[in-house]
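Try each task before you read its solution.

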Amino acid sequence: MAEAIYDAMGSVLTRWTMGSAAAPAAPIWSAELGTEPAEAELRLLALSGQFLGVAVTAEPPPELRVLPDIPALALPTVPEALRPLVQRILAAFKETQRKTELLDFLAARGWTTHPAEWMPTADDEDAPDVYAPWRDWAGIAASNSVVRRQAGDRLTADNWEDFWPAARKVALTELRRHDPEAARTVLEAKLVSENADVRLPLLSLLATGLSEADAPFLEGLAANDRAPKVKALAASLLARLGKGPSVGEDIAELAGFFSVKMKGLLRRSRVIQFENVKTSAQMHRRAALLESADVASLARALTLTPQELVDAWSWDVDRQADAALTGLVARTGTDALVAQTAEAASQYNASIFLTALTPRLAPGQRSELAEKALRTQKFSFDVAKMIAGGTARLENPLTAPAGAVLLAALRRDNAKPSDELTELFALGLIASRTAARQALERLNGAGLLQGDPRLDMLRLNAALDDNGVKP
């Protein structure tokens with residue numbers, strides 16, 4: 001009986017779709033439908049609806065998979081009242097960098113986004129580590145493989161496959177911080193089995209706690225790895241250990257672009273002078289040589305130590321050379337040399353090149369450099385943001401020269417509603433919570449409305465409890 005009714009439903013639904021009477025197509029219910037046409041259609045509608053709702057169960061397609069729940073993160077979601085503000089800020093900027101800066105800011109203050117506002121993809125390497133479980137969930141959703149067990153144990157070569165990629169990287173990061181040798185041992189065993197896109201970010205973790213014990217492993221990668229970027233990173237890490245490849249004619253040619261002079265009468269000191277850069281061809285050649293050199297080899301060729309090279313550098317004389325030196329130190333210098341170079345450059349206009357060095361600096365160092373750049377070099381809030389990142393908590397930033405410039409621009413008679421959007425967003429990212437509240441008061445006094453969307457980042461900062469770890 002049920003099969004016969006079900007077979008009749010196809011014709012019934014087809015007739016109804018075409019606007020025709022369907023009772024003649026259901027003879028199995030002829031007694032129940034009666035002979036009055038309009039009443040028969042109503043009875044058929046009631047009977048077929050009950051039959052389809054009770055006796056028929058839709059089977060899911062065989063390729064449908066039941067995914068695990070979206071995992072909880074280690075940090076709480078932003079308060080419900082602030083979610084619309086976060087959503088509006090995310091929607092206002094299409095650039096990935098701006099969204100990453102907001103995510104870094106929230107994580108630094110002890111919060112995460114709601115998954116309805118933002119979810120990472122599996123390969124979203126720029127997302128803060130706290131989102132690693134979501135990245136792996138996205139990887140599970142996009143794959144056809146069996147869901148791996150999420151290991152809560154310490155990462156080892158034996159349980160490597162128990163971790164999804166993002167969680168594995170976070171676990172390896174923690175292991176490198178607490179037991180550098182164990183982390184390297186795991187990489188020695190498992191790195192070769194990964195593809196180049198995975199090997200590169202995993203190898204970069206060796207920069208934490210880099211030591212002579214890592215040299216043999218890095219030398220093997222620099223010589224034998226099949227990916228040029230991985231080989232270059234291994235060579236860069238070796239250069240930080242003073243094992244750079246720059247020897248022979250190239251480094252001698254590079255040294256010819258510089259000379260070391262003495263200056264001062266009572267307090268004699270060295271100073272670097274730039275030589276042989278009168279033509280564009282010479283400048284391009286110097287840039288190419290610096291790109292392939294390491295700072296220790298260059299210093300040796302000039303009979304200096306790397307620290308002496310930075311001390312003697314003539315900042316703000318040759319902008320291309322300043323950019324090349326900061327890049328060279330960032331790639332091949334020790335952590336101490338990176339900090340020394342950043343401190344030296346911050347005293348000059350060359351601090352615009354600090355962004356090459358800041359990824360290797362601690363958050364507290366970055367905040368101090370951003371503060372100095374704002375106060376002494378009269379840089380914009382956007383430049384200070386690029387130096388400090390989303391973890392800064394600067395006090396009274398509007399009292400810096402950039403604040404006066406911003407207020408003057410907003411008070412212009414021909415100011416537009418979209419003016420200074422970038423500066424106001426940057427100010428909201430780098431200010432402390434107290435400073436954000438003070439800035440809102442001053443900006444409202446300067447004529448900006450409370451609901452002006454340009455103030456969204458400042459409003460979020462001012463309203464959000466700061467529960468993060470202070471740098």
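The exercises below cover ring pairs and salt bridges.

The model is predicted: local features need pLDDT of at least 70, side-chain atom pairs count only at pLDDT 80 or more, and totals for chains, interfaces and linings use all residues. Residues are numbered from 1 along each chain as its sequence is written, and side-chain values use heavy atoms, with hydrogens and water left out.

**Exercise 1.** Classify the ring pair of Phe274 and Trp313.

Solution. 
- Step 1: recall the rule. Rings of Phe, Tyr and Trp (its six-membered ring) pair if their centres lie within 6.5 Å; planes under 30 degrees apart count as stacked, over 60 as edge-to-face and the rest as tilted.
- Step 2: apply it. The centres of Phe274 and Trp313 are 5.1 Å apart and the planes stand at 65 degrees, so the pair is edge-to-face.
- Step 3: place the residues. Phe274 sits in strand β2 and Trp313 in the loop between α15 and α16, 39 residues apart. (Helices, H or I, at least four residues, and strands, E, at least two, are DSSP runs numbered from the N terminus.)

**Exercise 2.** Is Glu80 buried or exposed? What about its partner Arg83?

Solution. 
- Step 1: find the contact. Glu80 and Arg83 form a salt bridge, 3.1 Å from N to O. (This is a side-chain nitrogen of Lys or Arg within 4 Å of a carboxyl oxygen of Asp or Glu.)
- Step 2: recall the cut-offs. Buried means under 20% relative accessible area, exposed over 50%, partly exposed in between (1.4 Å probe, protein chains only).
- Step 3: decide. Glu80 has 58%, so Glu80 is exposed. Arg83 has 15%, so Arg83 is buried.
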